[in-house]
Amino acid sequence: MNKVQRRSASLLLRYIAQEPIKRLPAMLSLAEKIDRSRQYKRHIALFRELLLDPDSVWRGFAERLFEEVDARLIRKMVECFIINASLEGSARNKEAEEKYNCNIPWAILMDPTSACNLRCVGCWAAEYGGKNNLSYETLDSIVRQGKELGVHFYIFSGGEPLVRKADIIRLCKAHADCYFFAFTNGTMVDEDFCGELLDAGNFALAFSIEGDEASTDMRRGKGTYRQVIAAMERMKERRLLFGYSTCYHRYNTESVGSDEFVDDMIARGCRFAWNFTYMPVGRNAKPELLATAEQRAWMYKRVREIRDTKPIFTMDFWNDGEYTEGCIAGGRRYLHINAAGEVEPCAFIHYSNVNIHEVTLLSALQSPLFMAYRKGAPFNHNHLRPCPLLDNPSALKRMVKESGARSTDLEAPENVDDLCAKTAGAAENWAPAADKLWEERYELEEAELREMSR
Ligand code: SF4
């Protein structure tokens, strides 16, 4: 978009924000105009169907959002996340991809610090300690370089990213055209920080939680659950935008997928949910925490039920591969930069050829491991088996060896054969369950198509 078009879109958004529900059709028409690459054509059509139906769960979601969240935050989210990052950004990503012949991401995940104030069971962040930090200048440089390639969405993980909250807020304000997001343990979200979030407007949080009080405290330490709930209360009070993230594993899958837990999170003000499954990465990982194939299949169905019936936008990082045509790592949709600057294909893949302190972002995207991802993806024709580590470990072994990538695990280098040995059993067990689900899904689609053609 040129400056005039951007100004017109901004004015139109202000007009829509005065009566958002009544003016939803205008908002959707604006989205159609901005989606130059037509990449989101199907999504916009689906949103039109769902949001304009007064009885749909998504209409209820939108009504609550506009009622309960500060209007300025919603406008910023639409401007930065939907328009700049998704509709406009995706078209620019595509142009850059053709120009440079490499993957260009839609989002960049970076760890401002390896420091964390908790020691969660099975998490590598606690092992890294506070030795590594990306300076403000480095974070700023990554965002500047990213914007050149059309990237307007930046996510922070860690360590605990809010250990660096002053620098993060400074970054959000310096790049008011981008949207920022952090996965946080919630223990550093005090009243002052809520005020900073409101002031910045372009920064949302996902609170890490493991289910009920006992499950959360079992993995994250005694008293953590109550601190997270108190932080959610503060955020809700200030009409801020937030959600939760869970890591489902053998001992909490049924709990984090239960009606009781999800309804409680909705009542506490969460608007979105990220579900991750446990990955046994690092020297002290606990492969026995891996979810069973039955649990993963249950979560696949459960997430779809939640999306159909509850006013919360729910994602499943592995089981949603069908919507992204498989793995999104290696810059295809995202990449990860750890606190030491190592540029990795994904937060769970600790191998790299390059460090952001030595190369540009574009060179990192053209590095051997990233090009191997570009060449190798999708790693399975069944997008319910998307992952080169969790579902297709031979693919990860091959890419790491052929690209000559080194282990970037900060605590202790991990040989790729050793890492993949930890997931081989889970991959083997998941394959028949995933193939059955894929087949059922295919049959359902066929039946829907037949119905439509009648
Ligand atoms: S490498 Fe695995 S965990 Fe990472 S994005 Fe790809 S599928 Fe997901």
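A salt bridge here is a side-chain nitrogen of Lys or Arg within 4 Å of a carboxyl oxygen of Asp or Glu. Keep in mind that this is a predicted model, in which local features need pLDDT of at least 70 and side-chain atom pairs count only at pLDDT 80 or more, while totals for chains, interfaces and linings use all residues. Residues are numbered from 1 along each chain as its sequence is written, and side-chain values use heavy atoms, with hydrogens and water left out.

Now step back to the whole chain. The protein is divided into domain 1 (3-68) and domain 2 (71-454), with bounds that come from an automatic or database domain assignment. Their C-alpha centres lie 26 Å apart. The contact (heavy atoms within 4.5 Å) takes 22 residues from domain 1 and 26 residues from domain 2. Between them the domains bury about 2400 Å², 60% of it on carbon and sulfur atoms; buried area is the accessible area (1.4 Å probe) that two parts lose on being put together, summed over both.

What holds for the pairs across this contact? The count between domain 1 and domain 2 is 1 salt bridge. On the domain 1 side, α1 (3-18), α2 (24-34) and α4 (57-68) each give two or more residues, and the largest share, 8 residues, comes from α4. Helices here are DSSP runs (H or I, at least four residues), as are strands (E, at least two), numbered from the N terminus.

Let's move on to Y225, which has its place in helix α11 (residues 224-237). Y225 counts as buried because its relative accessibility is 12%, where buried means under 20% relative accessible area, exposed over 50%, and partly exposed in between (1.4 Å probe, protein chains only). Leaving aside neighbours within four places in sequence, Y225 is in contact with residues including I209, D212, D264 and R268.

Our last stop is E342, in the loop between β8 (334-337) and β9 (343-344). E342 is buried too, with a relative accessible area of 12%. Its side chain makes a polar contact with the side chain of R406 (3.0 Å). A polar contact is a pair of N or O atoms within 3.5 Å; within protein, one must be able to donate a hydrogen and the other to accept it, and residues adjacent in sequence count only if both atoms are side-chain atoms. Not counting residues up to four places away in sequence, E342 also touches H336, I337, S352, V354, N355 and T408.
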